[in-house]
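My plan is to look things up one at a time and jot down each answer.

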Amino acid sequence: STPCAAWATRCDCHEPGDAVTLRLKLVLALTLLAAAATAAIGVASYVSTERELQATIDDSLDAAVQRLFEHPEGLIPGFGGEGHGPRDPGWERPRSFEQVLVQVIDADGTVLFAPESGQLPVDEADLQIASSPTSLDTARRDVTLDGEPYRMVTVSYGDGAVQLARS
């Protein structure tokens, strides 16, 4: 049998194991592409979930602020009404405040009422809001209390400000 003409053009300059085949190059390229896409999707999902959770916490804090302004009686002793305070017998904390810490500060930052678990931090933005009783500004930030992360909002209230925090 006579070999075909293409057989004569074959180069024997490479050993069979020396060259990286096109098939191997494609497999490596597709594997790297799949790994990069998986990592990108993971990062995007994490960031999106984090933003969604923070928005949910901010919404719950906004609802707590609204509830505070609509029905202040009984929520904070000495503020907005003659109801029972949280440390008085018979006082029932509203269900919407179950996971929300409440603190009241006056215009110079003195804590007038603090959660039983301890005081919330007061910074310059909080003092600015507390010293401007007609201010509609709010200050939001992340704080750490006893090693646990909280989201906190400060709003003008009475002659000072109220701070609400949620884990």
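Before I start, one term: I call a residue buried when its relative accessible area is under 20%, exposed when it is over 50%, and partly exposed in between (1.4 Å probe, protein chains only).

**Entry 1: ground rules**

I am working on a predicted model, where local features need pLDDT of at least 70 and side-chain atom pairs count only at pLDDT 80 or more, while totals for chains, interfaces and linings use all residues. I number residues from 1 along each chain as its sequence is written, and my side-chain values use heavy atoms, with hydrogens and water left out.

**Entry 2: the overall layout**

I looked up the secondary structure and found 2 helices and 5 strands. These are DSSP runs numbered from the N terminus, with helices being H or I of at least four residues and strands being E of at least two. Going along the sequence, I read the pattern α-β-β-α-β-β-β.

I also looked up some totals. The protein has 167 residues, and 31% of them count as buried. Its accessible surface is about 11,400 Å², with 56% of that belonging to carbon and sulfur atoms; the areas come from the Shrake-Rupley method with a 1.4 Å probe, and for residues only the protein chains shown count as cover. For contacts (heavy atoms within 4.5 Å), I took the pairs at least 6 apart in sequence, and 50% of those join residues at least 24 apart.

**Entry 3: the nonpolar cores**

Next I searched for nonpolar cores, meaning sets of buried Ala, Val, Leu, Ile, Met, Phe, Trp, Tyr and Cys residues joined through side-chain atoms within 4.5 Å. The largest has 13 residues, and Val-100, Val-153, Val-162 and Leu-164 touch the most other members. At least two residues of this core come from each of helix 1 (22–70), strand 1 (100–106), strand 4 (148–157) and strand 5 (160–166). Helix 1 gives the largest share, 4 residues. I noted a second, separate core of 7 residues too, with Leu-120, Val-143, Met-152 and Ala-165 among them.

**Entry 4: Thr-154**

Is Thr-154 buried or exposed? I found it in strand 4, and it counts as buried because its relative accessibility is 0%. Its side chain makes a polar contact with the side chain of Asp-126 at 2.6 Å. A polar contact here is a pair of N or O atoms within 3.5 Å; within protein, one must be able to donate a hydrogen and the other to accept it, and residues adjacent in sequence count only if both atoms are side-chain atoms. Leaving out residues up to four places away in sequence, I listed what Thr-154 touches, including Ile-129, Asp-137, Ala-161 and Gln-163.

**Entry 5: salt bridges**

How many salt bridges does a search of the whole structure find? I got 6, taking a salt bridge as a side-chain nitrogen of Lys or Arg within 4 Å of a carboxyl oxygen of Asp or Glu.

I started with Arg-140 and Asp-62, whose side chains meet at 2.2 Å, N to O. This pair links distant parts of the chain, with Arg-140 in strand 3 (residues 138–145) and Asp-62 in helix 1, 78 residues apart. Arg-140 is partly exposed at 31%, and Asp-62 is partly exposed at 35%.

Then I turned to Arg-141, which forms a salt bridge with Asp-123, the closest N and O atoms being 3.3 Å apart. Asp-123 sits in the loop between strand 2 (111–113) and helix 2, 18 residues from Arg-141. Asp-123 is partly exposed at 27%, whereas Arg-141 is buried at 17%.

Arg-141 also meets Asp-126 in a salt bridge, at 2.7 Å from N to O. Asp-126 lies in helix 2, Arg-141 in strand 3, and they are 15 residues apart. Both residues are buried. I also noted one network, in which salt bridges that share partners join Asp-58, Asp-62, Arg-140, Asp-142 and Arg-151.

**Entry 6: out on the surface**

Last, I checked Glu-124, which is in helix 2 (residues 124–130). Glu-124 is exposed, with a relative accessible area of 63%. Its C-alpha atom is 9.2 Å from that of Gly-109, 15 residues apart along the chain.
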